[in-house]
Amino acid sequence: MLVTGGAGFIGSHACVELLDHGYEVIVVDDYANSTPHVFARVERIAGRFVGAVYELDLRDRRALSAVFDRHSVDAVMHFAALKSVSGSLEAPVEYYDTNVGGTTALLRTMHEHGVHRLVFSSSGAVYGDAGPGLLDESAPVRPANPYAASKWLCEQILADVCRRRPEYTVLCMRYFNPAGAHPSGLLGEDPHGVPGNLVPYVAQVAVGRRERLHIFGGDYPTPDGTAIRDYIHVMDTVEAHRVALDHLSDGPGMRVFNIGLGQGSSVLDVVAVFSETCGVQVPYDIVPRRPGDVAHVVADASAVTLAWGWRPARNLADICRDAWRFQQLNPRGYAGAGRGPDSKR
Ligand code: NAD
Ligand code: WQD
């Protein structure tokens with residue numbers, strides 16, 4: 001199994017899930033938002049080695065092709081992308097180039113090597129500002145920023161490939177708000193720089209690495225005035241991917257699934273559940289809305305349950321507890337962590 005972006009937040013947890021279930025794992029990552037230190041942790045948790053790790057930019061087709069030449073790849077989990085909404089507003093070309101260009105480079109290389117099975121990281125961001133109510137997979141797509149548009153473009157490219165070439169099976173997973181950490185506390189979310197996402201920011205405030213949480217907007221049309229999202233545990237997210245592998249042989253074509261809990265939580269809910277579950281205060285100020293944010297994004301996550309009999313097992317308290325354990329054990333993230341023994345790299 002080739003995992004692109006396997007050093008990242010979701011990709012590293014996916015590596016553990018795959019190793020735990022007996023898969024051979026090959027990773028490519030350019031560490032744009034991650035560090036190779038993570039693999040010592042992955043291997044410690046799984047008690048197995050990652051087969052090989054290659055530092056490369058997915059758009060480097062020659063380097064990518066050499067990986068496919070060297071290993072017998074039967075399917076790809078494609079996590080590698082740039083994922084910051086605000087980053088995409090500042091550098092749209094970089095986002096399109098990395099996310100769309102990375103995906104087309106991967107597809108061309110897969111095609112050249114006769115690999116036709118892909119699980120793709122899409123995003124609930126493709127729905128944009130949909131208003132209240134649960135979003136199912138048939139909800140209108142209205143990407144509101146270059147990041148979301150890049151994911152939607154990738155979905156359209158993948159759909160075209162599947163329409164033209166019946167040998168392809170593609171599963172597009174539209175995640176809502178993955179958060180939390182591996183229950184060991186060894187693996188978690190450690191983005192470069194200031195976290196853009198809520199849960200890692202809350203955890204960094206709780207551990208004293210940042211002073212206060214800035215809650216972006218207290219005047220949304222929601223019960224407490226703060227914005228509502230669908231937070232799903234990263235372990236549930238990667239479990240869904242592992243289950244997806246069993247369904248890559250269900251038949252050709254592309255299928256799209258929401259991956260969410262199907263329950264909304266406001267920013268103040270997250271702060272309250274974090275404080276209560278972890279027994280730690282999270283000082284905050286309510287500040288103006290963040291440009292581009294919307295009031296309410298919650299999945300109708302029933303299609304994946306109907307199709308595969310799978311549903312998430314963890315709730316917001318589990319997300320907060322696990323994120324907090326990782327943050328306490330790694331107050332400065334993976335910085336300074338040892339690489340661990342692995343002669344294969
Ligand atoms: P992440 O930034 O932690 O992981 C992405 C990984 O891809 C990083 O390790 C990064 O170094 C690598 N990468 C980036 N550009 C690359 C390139 N050109 N070549 C090779 N590697 C490259 O992000 P994540 O949260 O783990 O997200 C994984 C995927 O899930 C992304 O595609 C993201 O868009 C998608 N997604 C994430 C969320 C979320 O909230 N975390 C929600 C929906 C979808
Ligand atoms: C959640 C809520 C913020 C930080 C983004 C992408 C989405 C997906 C997940 C990739 C919002 C508020 C946040 C802070 C805050 N990623 N917040 N203070 O914006 O729902 O979704 O990440 O695909 O596509 O759009 O997630 O975690 O940034 O924010 O008040 O310091 O927390 O305003 O309401 P978001 P988030």
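This is a predicted model: local features need pLDDT of at least 70, side-chain atom pairs count only at pLDDT 80 or more; totals for chains, interfaces and linings use all residues.

Biologist: Okay, where does Ser266 lie?

Modeller: Ser266 is part of strand S13, which covers residues 265–266.

Biologist: And is Ser266 buried or exposed?

Modeller: Ser266 has a relative accessible area of 2%. Buried means under 20%, so Ser266 counts as buried.

Biologist: Which side chain does the side chain of Ser266 make a polar contact with?

Modeller: That's Asp224, and the two side chains are 2.5 Å apart at that contact.

Biologist: You said S13 is a strand. What sheet is it in?

Modeller: S13 belongs to an open sheet of four strands, in the order S6-S15-S10-S13, with mixed pairing. S6 (134–135) and S13 are at the edges with a single partner strand each, so each has one side without a neighbour in the sheet.

Biologist: How many bridges join S10 to S13, and which way do they run?

Modeller: Two bridges, and the strands run antiparallel; S10 is residues 228–229. If you want a spot to look at, Arg229 stands opposite Ser265 in S13.

Biologist: New topic: the ligands. Which residues come nearest to ligand 1?

Modeller: Ile10, Asp29, Ser34, Tyr147 and Lys151 come nearest, out of 27 residues around ligand 1.

Biologist: How much of ligand 1 does the protein bury?

Modeller: Taken alone, ligand 1 exposes 810 Å², and the protein buries 97% of that.

Biologist: Which element gives the most to the shell around ligand 1?

Modeller: S5 does, with three residues. Helix H1 (9–20), S5 and helix H6 (146–164) each supply at least two residues of that shell. By type, the shell around ligand 1 divides into 14 nonpolar, eight polar and five charged residues.

Biologist: Now ligand 2. How many residues surround ligand 2?

Modeller: There are 20, and the closest are Ser123, Tyr147, His214, Arg229 and Asp293.

Biologist: Which element gives the most to the shell around ligand 2?

Modeller: Strand S9, with four residues. Both helix H7 (198–206) and S9 (213–216) supply at least two residues each. The shell around ligand 2 has twelve nonpolar, five polar and three charged residues.

Biologist: Back to strands. How many residues of S7 are buried?

Modeller: Seven of its seven, and S7 is residues 169–175. Thr169, Leu171, Met173 and Tyr175 point one way, while Val170, Cys172 and Arg174 point the other way, and all are buried.

Biologist: What does S7 pair with?

Modeller: S5 (residues 117–123) pairs with S7 in the parallel sense over seven bridges, and Leu118 has Val170 in S7 as its bridge partner. S7 is also joined to S12 (residues 253–259) by seven bridges, again parallel. There, Leu171 has Arg255 in S12 as its bridge partner.

Biologist: Last one: is Asp219 buried or exposed?

Modeller: Exposed, because its relative accessible area is 53% and the cut-off for exposed is over 50%. Asp219 sits in the loop between S9 and S10.

Biologist: What is Asp219 in contact with, apart from its neighbours in sequence?

Modeller: Leaving out neighbours within four places, Asp219 is in contact with Gly225 and Arg289. The side chains of Asp219 and Arg289 are joined by a polar contact of 2.9 Å. Asp219 and Ala295 are 76 residues apart in sequence, and their C-alpha atoms are 9.3 Å apart in space.

Key. Residues are numbered from 1 along each chain as its sequence is written. Chains are lettered from A and ligands numbered from 1 in the order in which they are written. Side-chain values use heavy atoms; hydrogens and water are left out. A residue is near a molecule or strand if one of its heavy atoms lies within 4 Å of it. Ala, Val, Leu, Ile, Met, Phe, Trp, Tyr, Cys and Pro count as nonpolar, Asp, Glu, Lys and Arg as charged, and the others, Gly among them, as polar. Buried means under 20% relative accessible area, exposed over 50%, partly exposed in between (1.4 Å probe, protein chains only). A polar contact is a pair of N or O atoms within 3.5 Å; within protein, one must be able to donate a hydrogen and the other to accept it, and residues adjacent in sequence count only if both atoms are side-chain atoms. Two strands pair if DSSP finds at least two bridges between them. Accessible areas come from the Shrake-Rupley method with a 1.4 Å probe; for residues, only the protein chains shown count as cover. Contact means heavy atoms within 4.5 Å.
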